[in-house]
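These are my notebook entries on a structure that I looked up part by part. I record each point in the order in which I examined it.

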Amino acid sequence: MRKLCDNDIIESIQKGNRDDFALLVDKYKDKAFNLLRRMLRNEMDAEEVLQDSFLKAFMSMNNFRHESKFSTWFYRIVYNTGLSFLQSKRKKTELKLDSLEDHNYLNYEDGKILAVEENSIKYLSLIIDKLPIRNALVIILYYIDDLKLSEISEILDISLVNAKVLLHRSRNILRDLIFKHNYQKELL
Amino acid sequence: MKILDELLNRYIDNELSTGELVQFQKQLESDENLLQKLKALQYVEQSAKRIEIYSAPNGITEKIMAKISLQLSERYKKNHFFRFIVFVFTVLILSISGFMVSSLVNSNFGLNIKNSFFTKLSSFSEKEIHLIEKFLANPNTLLIISSITLLLLLSLYFIIESNLFANQKSKSF
């Protein structure tokens, strides 16, 4: 049996088979939820925004022109809906933390995580949650969702050069923390 | 420091030229700190792919599909309400227009003219500007015209507003 690709499903939805949207939901719900959970740092908020994101995607389905991949287009909706949610909740402190200059904040969080971490992978996962939103997202999109930098730049609405700089900075801060705790010695 | 960071990242991304690669490898052999930093970066590369993924809650697909169905039915109801409003306005405008024309014909030509409505209308058009002035001088007529204008403007407002809303929604992504 031929496996349906995103474009087949979208074509079917655009023809009026709206129940086929459930196939897209099943395919992207975990990745989108993971992104929102990292972005909003709260499970219930992430679920609410996830539902809104899929609803927006469905309502805009007729406007999808296949100019980019569905995943990129959808992630963009997810990211923008998450940002709007943060703005509406006035979580400005989280939005302001858009630079890695705030070392004191990160060192404080690092100490707390180090006290509870079970292993180095868990430590990395927790410390990513403490990074500024865009730095955390670039790590998730690049390593977990396996997206290209060009796709990430489209989702985050930044230039390709800025996406690359953001990835390098995020990697460097994680590298410095790994180096600080000597976790690299676990490397095989 | 920043140059070294840049070199490490470019090394990880396989972006160094052959010359840069040879020079960087020599540097690695002589600088233990740099080697450890590279290992730390490689550790990030390997471990980031294995970090915990938060899975969506159970039954989320059903919830989303139910929300979509609800949204669609609400939109359908809203459309019907808007159509009803437009229909009421149209009927009102037509009724007032009809009343206005018939009252004009009656007041200006009297009931003794037994020609068809179109004959009356053509006769009316032959009466020059003074007739229109006379017509506009009547406060009742002005009231009727004002009412029609107001209704037209309201209808126009509703139509433009609904179109703008639809456009904004479609362009928001």
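**Entry 1: a residue of chain A.** I began with A:Asn172, which is found in helix H10 (residues 160–180) of chain A. I noted that the model is a predicted one. Next I looked up what A:Asn172 touches. Leaving aside residues up to four places away in sequence, I found B:Asp5, B:Asn9 and B:Leu41.

**Entry 2: a charge over a ring.** I looked up A:Arg37 and found that this residue lies over the face of B:Tyr54. The distance from the ring centre is 4.3 Å.

**Entry 3: aromatic pairs.** How many aromatic pairs does the structure hold over all chains? I recorded twelve. I took up the pair of A:Phe21 and A:Phe58, whose ring centres are 5.2 Å apart and whose planes meet at 75 degrees. Planes over 60 degrees apart count as edge-to-face, so this pair is edge-to-face. I then located both residues: A:Phe21 lies in helix H2 (residues 21–40) of chain A, and A:Phe58 lies in helix H3 (residues 43–59) of chain A. The pair therefore ties together parts that are 37 residues apart in sequence. A:Phe21 is buried at 1% relative accessibility, and A:Phe58 is buried too, at 10%. Both residues belong to one aromatic cluster, which also takes in A:Tyr28, A:Phe54, A:Phe64, A:Phe70, A:Trp73 and A:Phe74.

**Entry 4: chain B as a whole.** I turned to chain B and noted seven helices and zero strands. Along the sequence, the pattern reads α-α-α-α-α-α-α. Of the 173 residues in chain B, 24% are buried. I also looked at contacts in chain B between residues at least 6 apart in sequence, and 53% of these join residues at least 24 apart. The accessible surface of chain B is about 12,300 Å², and carbon and sulfur atoms account for 63% of this surface.

**Entry 5: a patch on chain B.** Which residues form a nonpolar patch on the surface? I listed B:Phe84, B:Phe87, B:Val88, B:Val91 and B:Leu92, which together have about 450 Å² of accessible area. I checked one of them, B:Val91, and placed this residue in helix H4 (residues 60–109) of chain B. With a relative accessible area of 40%, B:Val91 is partly exposed.

Notes: Residues numbered from 1 in each chain as written. Chains lettered and ligands numbered in written order. Predicted model: local features only at pLDDT ≥ 70, side-chain atom pairs only at ≥ 80, totals over all residues. Heavy atoms only, no water. Phe/Tyr/Trp six-rings, centres within 6.5 Å; stacked < 30°, edge-to-face > 60°. Helix = DSSP H or I, 4+ residues; strand = E, 2+ residues; numbered from the N terminus. Buried < 20%, exposed > 50% of the residue type's maximum accessible area, 1.4 Å probe, protein only. Lys NZ or Arg CZ within 6 Å of the ring centre and 35° of its normal. Contact = heavy atoms within 4.5 Å. Areas by Shrake-Rupley, 256 points an atom, 1.4 Å probe, with all protein chains shown as cover. Patch = residues over 30% accessible without salt bridge, like charges linked within 9 Å, V, L, I, M, F, W, Y side chains within 5 Å. Salt bridge = Lys/Arg side-chain N within 4 Å of Asp/Glu carboxyl O.
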